[in-house]
Amino acid sequence: MTRPLDRVLGARLPDPPDALRRGPLAEDAFPSPLHTERRASRVGVWLGSGFVICFLTGMVSHLIQQPPSWFVWPAGPVWLYRVSQGTHVMVGLALIPLLLVKLWTVYPKLFSWPPAATPAKAVGRLSILVLVGSAVFMLVTGLLNIAQWYPFGFSFKTAHYWTGWVAVGAVLTHVGSYAPQIRRGLARRGTAASVAGLAPAEVDRAYAQTDAEEEGAVSRRAFVTTAVVATGAVALTQWGQTISPPAQVSVLAPRIPGVGPQGLPVNQTGITAGVTESAVDPAFRLVVEGPTPLSLSLADLQAFPQHTERLPIACVEGWSANAEWTGPRLRDVLAAAGLPRGAVVHVESIQTGGSYRVSTVSRPHSASDKTLLALQLNGQVLDIDHGYPVRLIAPNRPGAMQTKWLGRIAPGAAGVGS
């Protein structure tokens with residue numbers, strides 16, 4: 001029998017070598033009545049929804065850190081970034097077992113031959129390759145990032161961002177290529193709307209996928225229960241790094257609220273930043289550029305009116321924790337330097353390296369009465385690991401942008417992140 005792809009190529013596509021069709025690569029490997037369009041489609045809905053959530057929350061974090069001129073991120077509510085990024089990491093980790101479940105449901109199709117009977121199906125198979133590859137890359141590198149282990153020789157932030165766009169494109173291509181199969185898989189018996197427009201033979205196949213067909217050595221109910229429990233367990237056992245109540249069971253969380261110097265976790269210490277001597281130097285000065293330039297000692301900063309705000313540190317790795325911060329308001333210090341309320345400024349650390357040594361404080365945050373040049377944490381002088389002698393703390397910003405060991409504040413371009 002001549003296959004459609006053979007007619008396109010003008011010759012019969014040769015079968016793969018026997019050595020590549022053995023063991024787990026055999027087309028009939030791991031047989032199960034659960035390898036159905038129905039299971040694959042329904043798991044795919046949850047998996048796709050999770051990737052959409054991760055993509056949107058990831059874009060929020062990216063835009064905050066590298067804002068285009070049109071983007072404005074508000075200073076409140078103070079917990080918004082905390083929830084957004086915590087959700088990003090929690091859902092991302094939960095997608096790991098869900099992706100394994102999805103691959104199991106379609107496993108026999110991965111090694112079917114020929115790989116595609118028509119050019120349209122070839123596009124669909126290619127989309128699977130790109131989708132699986134990008135999904136695995138995103139989840140594995142994301143997992144390594146929250147553990148702060150970077151064995152690869154490229155920028156995680158850049159690679160993660162662009163691979164996210166590749167994954168979204170692959171998802172859309174995949175859904176378009178396999179729309180009839182997805183529609184059949186989601187069809188329910190007796191729902192005419194779910195099969196409208198399908199050919200009679202396709203309707204018969206859609207209605208033929210009943211629960212009874214999916215019963216085998218592992219029942220459909222056991223399969224679904226296992227998938228739900230595994231996914232939920234992964235989410236729960238790391239969610240405690242974002243909110244405190246489940247912290248005791250969050251065994252997968254790399255950071256736990258309340259654990260760290262002065263009861264607050266840290267990523268970068270004073271030793272790793274190389275500031276253990278410069279930060280405690282009596283000659284330290286915070287330079288504030290403006291119409292009336294300032295060179296402020298620690299005593300000068302303490303002479304400003306002091307304010308206390310309860311704000312979270314919310315890091316891109318997903319962990320966050322509340323704390324009480326005390327110090328002068330940034331806008332008061334900027335006013336003393338002759339800068340207008342809401343001026344966009346760049347804040348620089350005295351550390352000599354690092355991708356977050358400098359950050360931009362946009363108009364909503366520089367004008368906020370909650371943005372402080374913090375001198376104390378939870379009623380105590382800042383520990384050097386938390387940015388002694390002075391650090392920035394602003395509401396609703398990533399922890400990486402809450403610059404520690406401040407040494408300079410300078411006016412920035414008005415259109416940048418304004």
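Analyst: Contact here means heavy atoms within 4.5 Å. With that in hand, and keeping in mind that this is a predicted model, we can begin with Val288, which, once its neighbours within four places in sequence are left aside, is in contact with Pro293, Leu294, Leu296, Val333, Leu334, Ala337 and Ile409.

User: Which residues have the most contacts inside the largest nonpolar core, and how many residues does that core have?

Analyst: The largest nonpolar core has 22 residues, and the ones with the most contacts inside it are Leu286, Val288, Leu296, Leu330, Leu373 and Ile409. At least two residues of this core come from each of β1 (286–288), β2 (294–296), α13 (330–336), β5 (345–349) and β11, and α13 gives the largest share, namely three residues. There is also a second, separate core, which has 14 residues, among them Leu264, Ile313, Ala321 and Tyr388.

User: What makes a set of residues a nonpolar core?

Analyst: The name is used because the residues of such a set are buried, belong to a list of nonpolar types, and are joined through side-chain atoms within 4.5 Å. As for the chain as a whole, 47% of its 418 residues count as buried, and its secondary structure consists of 14 helices and eleven strands.

User: Why are α6 and α7 called roughly perpendicular?

Analyst: Helix α6 (residues 156–177) and helix α7 (residues 179–186) pack with their axes 5 Å apart and at an angle of about 75 degrees. Angles of 65 to 115 degrees count as roughly perpendicular, and α6 and α7 are therefore described in that way. The residues that make the contact are Val175, Gly176 and Ser177 from α6, together with Ala179, Pro180, Gln181 and Ile182 from α7; by class, four of them are nonpolar, three are polar and none is charged.

User: Is Asn396 buried or exposed, and how do you know?

Analyst: Buried means under 20% relative accessible area, and Asn396, with a relative accessible area of 3%, is buried. Asn396 has its place in the loop between β10 (391–393) and β11 (406–411). Its side chain reaches the backbone nitrogen of Tyr81 at 2.7 Å, and, neighbours within four places in sequence aside, the residues in contact with Asn396 include Trp73, Pro74, Gly76, Pro77, Leu80 and His365. The phi of Asn396 is near 60 degrees, which is a positive value in a residue other than glycine.

User: What makes Gln262 count as buried or exposed?

Analyst: Gln262 has 19% relative accessibility and counts as buried, since the cut-off is under 20%. Gln262 lies in the loop between α10 (220–239) and α11 (270–273), and although it is not a glycine, it has a positive phi of about 55 degrees.

User: And why is Ile271 placed in its own class, buried or exposed?

Analyst: Exposed means over 50%, and Ile271, at 69% relative accessibility, counts as exposed.

User: What is omega for the bond that joins Gly76 and Pro77, and what is the bond called?

Analyst: Omega is about 0 degrees, and the peptide bond joining Gly76 and Pro77 is cis; Pro77 is found in the loop between α2 and α3 (80–105). The bond from Tyr388 to Pro389 is likewise cis, with omega near 10 degrees, and Pro389 is found in the loop between β9 (380–381) and β10.

Key
Residues are numbered from 1 along each chain as its sequence is written. This is a predicted model: local features need pLDDT of at least 70, side-chain atom pairs count only at pLDDT 80 or more; totals for chains, interfaces and linings use all residues. Side-chain values use heavy atoms; hydrogens and water are left out. Axes are lines fitted to C-alpha atoms, for helices over the stretch in contact, and angles run from 0 to 180 degrees between N-to-C directions. Helices (H or I, at least four residues) and strands (E, at least two) are DSSP runs, numbered from the N terminus. Angles under 35 degrees count as roughly parallel, over 145 as roughly antiparallel, 65 to 115 as roughly perpendicular and the rest as oblique. Ala, Val, Leu, Ile, Met, Phe, Trp, Tyr, Cys and Pro count as nonpolar, Asp, Glu, Lys and Arg as charged, and the others, Gly among them, as polar. Buried means under 20% relative accessible area, exposed over 50%, partly exposed in between (1.4 Å probe, protein chains only). A polar contact is a pair of N or O atoms within 3.5 Å; within protein, one must be able to donate a hydrogen and the other to accept it, and residues adjacent in sequence count only if both atoms are side-chain atoms.
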